[in-house]
Amino acid sequence: MCSIDMINQQFVKGTIRLASEQQSKRWTMRRELLSPRYTTQWRDTPRILC
């Protein structure tokens, strides 16, 4: 806890926090990169090559 407090004092409050803390901002998907036909066209689905 001391290390977390020192880092947060050096930088911005909330830079490091515990995973059990509740997030203040709800997560939302970035929709600006979403295809308008993402559920209907197979060619619009992204491919991952390994």
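The conversation below sets some values against their definitions.

Guide: This is a predicted model, in which local features need pLDDT of at least 70 and side-chain atom pairs count only at pLDDT 80 or more, while totals for chains, interfaces and linings use all residues. Residues are numbered from 1 along each chain as its sequence is written, and side-chain values use heavy atoms, with hydrogens and water left out.

Visitor: Why is N8 called buried?

Guide: N8 has a relative accessible area of 16%, and buried means under 20%, exposed over 50% and partly exposed in between, with a 1.4 Å probe and protein chains only, so N8 counts as buried.

Visitor: What does the side chain of N8 reach?

Guide: The side chain of N8 reaches the backbone nitrogen of T15 at 3.1 Å. Not counting residues up to four places away in sequence, N8 touches K13, G14, T15 and I16, where contact means heavy atoms within 4.5 Å.

Visitor: Why is M29 called partly exposed?

Guide: The relative accessible area of M29 is 43%, which lies between the limits for buried and exposed, and therefore M29 is partly exposed.

Visitor: How much of the protein chain is buried?

Guide: Buried residues make up 2% of the 50 residues in the protein chain.

Notes
A polar contact is a pair of N or O atoms within 3.5 Å; within protein, one must be able to donate a hydrogen and the other to accept it, and residues adjacent in sequence count only if both atoms are side-chain atoms.
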